Amino acid sequence: MAWTRKILRVDLNSGTCIAEALNMAWANEYLGQRGLATKYLAEEIDPKCDPLGPQNKLIMATGPLTGTMASTGGRYSVITKSPLTGLVACSNSGGFIGAEIKNAGWDMIIFEGKSPEPVYLYVEDNKAELRSAADLWGKSVWEADEMLHKAHQDPQLRIACIGRAAEQGCLYSAVVNDLHRAAGRSGVGTVMASKNLKAVAVRGTLGVGNIADPKGFMDAVNAGKQVLAENAVTGQGLPTYATQVLMNVINGMGAMPTRNMREVQFAGAEKISGEAMHEPRASDGKPNLTTNAGCFGCTIACGRISTVDKGHFSVENKPEYWGNSGGLEYEAAWALGSDTGVDDLDAITYVNFLCNEDGMDPISFGATVAAAMGLFEAGAITTEHTGGIDLKFDGAEALVKMAELTAKGEGFGKDLGLGSKRLCEKYGKPELSMTVKGQEFPAYDPRGIQGMGLAYATSNRGACHLRGYTVASEVLGIPVKTDPLVTEGKAELVKAFQDATAAVDSAGLCVFTTFAWSMENISPQVDTACEGDWSVDRMLEVGERIWNLERDFNMRAGMTADQDTLPKRLLKDAANVGPAQGRVNDLGKMLPEYYELRGWTADGQIKDETRSRLAL
């Protein structure tokens with residue numbers, strides 16, 4: 001049984017760390033990680049509680065396949081109530097700490113209350129204790145990571161940490177693990193900071209030895225790895241260019257959100273693309289990309305390690321470690337580049353480094369800067385607000401300065417830390433915030449990719465591409481090609497992607513495997529690892545149950561169906577160029593059909609018969 005069947009409950013008020021049995025009835029309904037932890041959260045907190053108050057809880061959760069031989073089986077999630085959206089937050093991360101938590105003997109760690117002083121949690125297999133983090137508070141993620149490794153003298157120690165941005169109250173702060181992997185979205189790091197919890201340091205040596213059918217499991221795992229290796233996306237495209245392979249593709253089809261989603265194509269896209277990261281720089285003859293990298297158990301290895309030109313304005317007087325760190329993924333390159341109009345590859349790589357070092361979601365940060373540039377252009381803010389900085393679109397140096405200020409919570413950076421919704425409301429231009437439910441958009445314009453508009457509008461954690469990645473079908477033709485400019489069939493497509501993704505997230509696998517795998521590849525791995533029958537149909541039912549549980553939590557938190565929408569810019573202002581020229585997103589055509597397929601009422605409430613069918 002791939003679960004350890006143990007939870008570590010950490011009471012930050014009293015400083016106690018207590019082991020308890022995993023609720024296996026819930027595990028059989030929600031599988032693990034995203035689903036199971038959301039079930040615990042929904043049962044243990046009031047959905048209307050203050051996200052930054054002591055009544056909120058923070059859960060670090062693994063899936064049953066985390067820490068096993070399954071390809072990409074290194075995932076973990078951080079689940080809480082989001083301070084950015086006021087809704088359920090579940091941020092997924094790779095790296096190595098998820099597997100370390102599992103190998104230390106724990107399925108989940110639940111943090112409750114608030115410590116009177118800064119602390120960090122130290123876990124060594126079955127032993128766990130809170131220790132003082134007084135010397136770590138005020139340090140960046142990278143500084144704190146180095147200090148903890150020196151203190152414990154263990155190079156195998158795995159650390160998840162918050163940076164200065166979270167301590168200063170930036171509402172989209174991340175929990176960063178292994179230096180440049182992150183549970184990045186929805187402000188989970190901000191919640192961690194509100195509890196005076198600086199870091200979690202884990203060393204696990206117990207292994208995952210309780211697989212239900214070891215031989216059957218390895219047969220299923222090996223078959224899955226072969227499928228990944230032979231697939232053009234997971235075997236070639238992602239290792240070579242990672243998600244950055246999409247930059248020129250999405251730009252060419254007129255779905256590249258540009259300058260705060262005012263435009264749909266970016267003239268500088270090629271300069272910040274995955275291909276550009278391979279090209280030698282004129283200044284020093286070295287490419288931006290140093291190498292690719294993989295997370296625990298990963299056979300895809302889409303991670304980026306990049307080098308910044310030491311002579312570039314952005315890295316003057318920086319320590320040596322700034323020369324080599326986690327490089328740009330597509331979402332960060334878009335948010336920091338196209339959305340702000342900046343095509344300086346070294347500058348946006350530097351800002352991405354800053355986001356890693358101080359724990360900021362680069363999507364929300366870049367989109368919030370883009371909104372601020374829109375405010376500046378409209379005259380709603382001036383250089384008096386920005387500390388003398390000309391915050392116009394296309395300004396690389398302004399982008400860099402804003403990142404430095406936001407990381408430290410200084411000057412206008414404090415305003416940027418509010419996120420674009422609150423920022424634009426503060427300065428009287430709420431229409432300039434490109435958000436759903438308070439969370440900033442990812443890198444796909446829904447005027448050019450209609451299904452993504454519905455996926456954004458209905459996402460349980462606000463605008464998000466990883467809750468229903470219809471780009472796979474609408475752009476890449478996976479598993480079947482659908483026309484990105486039509487609305488017919490998109491409600492069914494979105495629901496299918498949302499349910500399948502919820503199941504994949506809860507298993508402990510990376511969603512990137514689904515470029516090659518269907519549930520027919522994933523189900524046998526779960527089925528042989530876990531007790532019971534985990535057929536394809538059951539896995540999809542679990543995904544649907546999780547989606548509805550999240551919806552129920554949000555409705556109890558105060559969300560209404562009116563929030564299942566998009567900014568007016570995307571519903572009223574047509575795309576100005578490209579294949580989608582003249583098109584808006586036709587959300588109104590898709591949403592009623594989606595509600596009906598979900599078994600919800602016309603006003604987005606979960607019907608009683610749907611609750612009964614899913615045993616909610």
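**Figure 1. Overall fold of the predicted model.** With 616 residues, a compact globule would have a radius of gyration near 25 Å, and the 22 Å of the protein chain agrees with that. This radius is taken over C-alpha atoms, and the globule rule is 2.2 Å times the number of residues to the power 0.38. Along the principal axes, the C-alpha atoms fill a box of roughly 60 × 55 × 45 Å. The protein chain has 25 helices and 17 strands. Both are DSSP runs numbered from the N terminus: helices are H or I with at least four residues, strands E with at least two. Buried residues make up 64% of the 616; buried means under 20% relative accessible area (1.4 Å probe, protein chains only). The model is predicted: local features need pLDDT of at least 70, side-chain atom pairs count only at pLDDT 80 or more, and totals for chains, interfaces and linings use all residues. Residues are numbered from 1 along each chain as its sequence is written, and side-chain values use heavy atoms, without hydrogens or water.

**Figure 2. The W26 and Y40 ring pair.** The structure holds 12 aromatic pairs. Rings of Phe, Tyr and Trp (its six-membered ring) pair if their centres lie within 6.5 Å; planes under 30 degrees apart count as stacked, over 60 as edge-to-face and the rest as tilted. W26 and Y40 are edge-to-face, because their ring centres are 4.9 Å apart and their planes stand at 85 degrees. W26 lies in helix α1 (residues 24-30) and Y40 in helix α2 (residues 33-44), so the pair ties together parts 14 residues apart in sequence. Both W26 and Y40 are buried.

**Figure 3. A cluster of rings.** Ring pairs link Y330, Y444, Y469, F512 and F515.

**Figure 4. Lysines over tryptophan rings.** K6 lies over the face of W106, 4.1 Å from the ring centre. K198 lies over the face of W137, at 5.9 Å from the ring centre. A charge sits over a ring if NZ of Lys or CZ of Arg is within 6 Å of the ring centre and within 35 degrees of the ring normal.

**Figure 5. The second largest pocket.** Its volume is about 350 Å³. Of the 16 lining residues, K421, P430, S433, T435 and P567 are the closest to the centre. Elements giving two or more residues to the lining are α17 (420-426) and β16 (435-436). The largest share, three residues, comes from α17. A pocket is an open set of points on a 1 Å grid over the protein atoms alone, where a 1.4 Å probe fits, with protein on both sides within 12 Å along at least five of seven lines; lining residues have an atom within 4 Å of a point.

Key:
Grid points are joined across faces, edges and corners, and a volume is the space filled by probe spheres set on the points. Buried means under 20% relative accessible area, exposed over 50%, partly exposed in between (1.4 Å probe, protein chains only).
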